[in-house]
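Take a walk through this protein chain, one stop after another. Keep the sequence and the 3D view side by side as you read.

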Amino acid sequence: MDEVAVTAFFQTLVQGLLTGGLYALIGTGLSLIFGVMKVINFAHGDFLAIGMFITLALFRAFNLDPYFSLLVAAPVGFALGYFIQRVILSRLGHRLEEGSMLATLGLGLIVSNTLLLTFGAELLLGALGAAALTCPFALAAAAQDAATPRARTARRTWVSRSGRC
């Protein structure tokens, strides 16, 4: 196995674990909301998208790193959730379970289409500062070291010059 294939394998593995972790967090949030409040929130993914687009807007406008934009996106998400609870969901009364499905489904449609109109549907690419930095894994480095002597020399040179990790 060559150096590129090993690196691609481990990058794919880590990306899969991170994506799975994100899905686990989303599922945990849905379970928590339903377990505590008995609200079936069909707009849960749309609220997540709002946070992501807030991050994108802050990056475009102020070149703010995505990790630092969490300090803005999290309070905005909290305030939005509080507003939705007070204005829409608390008025459902005894019809909370059935009404919450319809209310959050309609709210999700409104949010997703508003984001589509605001940001467009094109693919967004770009370097994101510290969020785009990578760090070689010890296991991948060991596999590369075993693969070729040239890879071992190149890795030592890269790590010593970059000072990262």
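Of the chain's 165 residues, 21% count as buried. Buried means under 20% relative accessible area, exposed means over 50%, and partly exposed lies in between, with a 1.4 Å probe and protein chains only. The model is predicted, so local features need pLDDT of at least 70 and side-chain atom pairs count only at pLDDT 80 or more, while totals for chains, interfaces and linings use all residues. Residues are numbered from 1 along each chain as its sequence is written, and side-chain values use heavy atoms, with hydrogens and water left out.

Now look at the overall build. The chain has six helices and zero strands. From the N terminus on, its elements run α-α-α-α-α-α. Helices (H or I, at least four residues) and strands (E, at least two) are DSSP runs, numbered from the N terminus. Next, consider contacts, meaning heavy atoms within 4.5 Å. Take the contacts in the chain with a separation of 6 or more: residues 24 or more positions apart account for 64% of them.

Start with helix H2, residues 44–62. How do H2 and H4 pack? Their angle is about 20°, and their axes are 10 Å apart. Axes are lines fitted to C-alpha atoms, for helices over the stretch in contact, and angles run from 0 to 180 degrees between N-to-C directions. H2 and H4 are therefore roughly parallel to each other. The cut-offs for that wording are these: under 35 degrees is roughly parallel, over 145 roughly antiparallel, 65 to 115 roughly perpendicular, and the rest oblique. H2 passes H4 in a left-handed crossing. A crossing is left-handed if the near helix is turned anticlockwise from the far one by less than a right angle, and right-handed if clockwise.

Which residues make this contact? From H2 come Asp46, Phe47, Ala49, Ile50, Phe53, Leu56, Ala57 and Arg60, and from H4 come Leu107, Gly108, Val111, Ser112, Leu115 and Phe119. They divide into 10 nonpolar, two polar and two charged. Here Ala, Val, Leu, Ile, Met, Phe, Trp, Tyr, Cys and Pro count as nonpolar, Asp, Glu, Lys and Arg as charged, and the others, Gly among them, as polar.

Zoom in on aspartate 46, which sits in helix H2. Is aspartate 46 buried or exposed? At 18% relative accessibility, aspartate 46 counts as buried. Leaving out residues up to four places away in sequence, aspartate 46 touches Gly108, Val111, Ser112 and Leu115. Aspartate 46 and valine 111 are 65 residues apart along the chain, yet their C-alpha atoms are separated by 6.4 Å.

H2 also packs against H3, at an angle of about 145° and with the axes 10 Å apart. This crossing of H2 past H3 is right-handed. Phe47, Ile50, Gly51, Ile54, Thr55 and Leu58 in H2 meet Val72, Ala73, Val76, Leu80 and Ile84 in H3. Nine of the residues in this contact are nonpolar, two are polar and none is charged.

Turn to the aromatic rings. Rings of Phe, Tyr and Trp (its six-membered ring) pair if their centres lie within 6.5 Å; planes under 30 degrees apart count as stacked, over 60 as edge-to-face and the rest as tilted. By this rule there are two aromatic pairs. Phenylalanine 9 and phenylalanine 10 form an edge-to-face pair, 5.1 Å centre to centre, with 75° between the planes. Phenylalanine 9 is partly exposed at 49% relative accessibility, whereas phenylalanine 10 is buried at 14%. Phenylalanine 53 and phenylalanine 119 form a stacked pair, 4.5 Å centre to centre, with 25° between the planes. This pair links distant parts of the chain: phenylalanine 53 lies in helix H2 and phenylalanine 119 in helix H4 (residues 96–119), 66 residues apart. Phenylalanine 53 is partly exposed, with a relative accessible area of 22%. Phenylalanine 119 is buried, at 18%.

Finish in the loop between H2 and H3. Asparagine 63 belongs to this loop. Most residues other than glycine have a negative phi. Asparagine 63 has a positive phi of about 55° although it is not a glycine. At 57% relative accessibility, asparagine 63 counts as exposed. Serine 69 is found in the loop between H2 and H3 too, but serine 69 is buried, at 0% relative accessibility. Leaving aside neighbours within four places in sequence, serine 69 is in contact with Thr55, Leu58 and Leu64.
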